[in-house]
Amino acid sequence: MAVVLRMTRRGVKKKPFYRIVAADSRSPRDGKFLEMLGTYDPLKSENNLKIDSEKVTSWIKKGAKPSETVASLLKKIAE
C-alpha cells in the first residue's frame with residue numbers, strides 16, 4: 001500500500017475548503033483516508049493553512065510521499 005499526503009475537497013460550490021490527509025494512493029480523492037493532518041482554506045488571506053507538523057513528519061518517515069500541491073504548501077510553512 002502506497003501512502004500519499006494529499007488534499008480532499010470539502011465546502012460548497014465556489015467556496016472550497018480542503019483537508020490535508022494521509023491516504024492510500026488507490027482510494028478516490030474524497031474517499032477513505034488514514035489520518036487527517038491539517039486544513040487549508042484558499043479563500044482566507046491570513047492563517048489559511050493549519051498543519052500538525054509532527055504527524056506530517058511521522059508519515060514522511062514511514063515512506064509517505066506528498067503530492068505536488070501538499071509539497072508546495074509544506075514548503076511555504078518551512079519558510
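Is E54 buried or exposed? With a relative accessible area of 66%, E54 is exposed, since a residue counts as exposed over 50%. This briefing describes a predicted model of a chain with two helices and five strands. It begins with the chain as a whole, continues with the nonpolar core, and then turns to individual residues.

**Overall architecture**

- Followed along the sequence, the elements of the chain occur in the pattern β-β-β-β-α-β-α.
- The chain has 79 residues and a radius of gyration of 12 Å, which agrees with the value near 12 Å that a compact globule of this length would have.
- Taken along the principal axes, a box of roughly 35 × 30 × 20 Å is filled by the C-alpha atoms of the chain.
- Of the contacts between residues at least 6 apart in sequence, 32% join residues at least 24 apart.

**Surface and charge**

- Buried residues make up 30% of the 79 residues in the chain.
- The chain exposes about 5,600 Å², and 51% of this area is supplied by carbon and sulfur atoms.
- There are 18 positive and 9 negative side chains, and the centres of these two sets are 6 Å apart.

**The nonpolar core**

- The largest nonpolar core contains 13 residues, and L5, I20, L37 and W59 are those with the most contacts inside it.
- Two or more residues of this core come from each of strand 1 (3–12), strand 2 (15–24), strand 3 (35–40), helix 1 (53–61) and helix 2 (68–78).
- Strand 1 gives the most to this core, with three residues.

- Apart from neighbours within four places in sequence, T39 is in contact with F17, Y18, R19, I20, N48, L49 and K50.
- L34 is placed in the loop between strand 2 and strand 3, and its relative accessibility of 42% makes it partly exposed.
- Not counting residues up to four places away in sequence, L34 touches M1, V3, A22, A23, D24 and W59.
- Between the C-alpha atoms of L34 and D24 the distance is 7.4 Å, while the two residues are ten apart in sequence.

**Loop residues with positive phi**

- K14 lies in the loop between strand 1 and strand 2, and its phi is positive, at about 65 degrees, although K14 is not a glycine.
- The relative accessibility of K14 is 70%, so K14 counts as exposed.
- N47 belongs to the loop between strand 3 and strand 4 (49–51), and N47 likewise has a positive phi in a residue other than glycine, with a value near 50 degrees.
- N47 counts as exposed because its relative accessibility is 64%.

- E54, the residue of the opening question, has its place in helix 1.
- E54 and L37 are 17 residues apart in sequence, and their C-alpha atoms are 9.1 Å apart in space.
- G63 is located in the loop between helix 1 and strand 5 (65–66), and G63 is partly exposed, with a relative accessible area of 46%.
- Although G63 and A2 are 61 residues apart along the chain, their C-alpha atoms are separated by 8.2 Å.

**Strand 5**

- P66 lies in strand 5 and counts as partly exposed, at 32% relative accessibility.
- P66 and V3 are 63 residues apart in sequence, with a C-alpha to C-alpha distance of 8.8 Å.
- When residues up to four places away in sequence are not counted, P66 touches L5, A71 and L74.
- One of these partners, L5, is also listed among the residues with the most contacts inside the largest nonpolar core.

Definitions and conventions: Residues numbered from 1 in each chain as written. Predicted model: local features only at pLDDT ≥ 70, side-chain atom pairs only at ≥ 80, totals over all residues. Heavy atoms only, no water. Helix = DSSP H or I, 4+ residues; strand = E, 2+ residues; numbered from the N terminus. Rg over C-alpha atoms; globule rule 2.2 N^0.38 Å. Buried < 20%, exposed > 50% of the residue type's maximum accessible area, 1.4 Å probe, protein only. Contact = heavy atoms within 4.5 Å. Areas by Shrake-Rupley, 256 points an atom, 1.4 Å probe, with all protein chains shown as cover. Lys, Arg positive; Asp, Glu negative; His and termini not counted. Charge placed at Lys NZ, Arg CZ, Asp CG, Glu CD. Core = buried A, V, L, I, M, F, W, Y, C linked by side-chain atoms within 4.5 Å.
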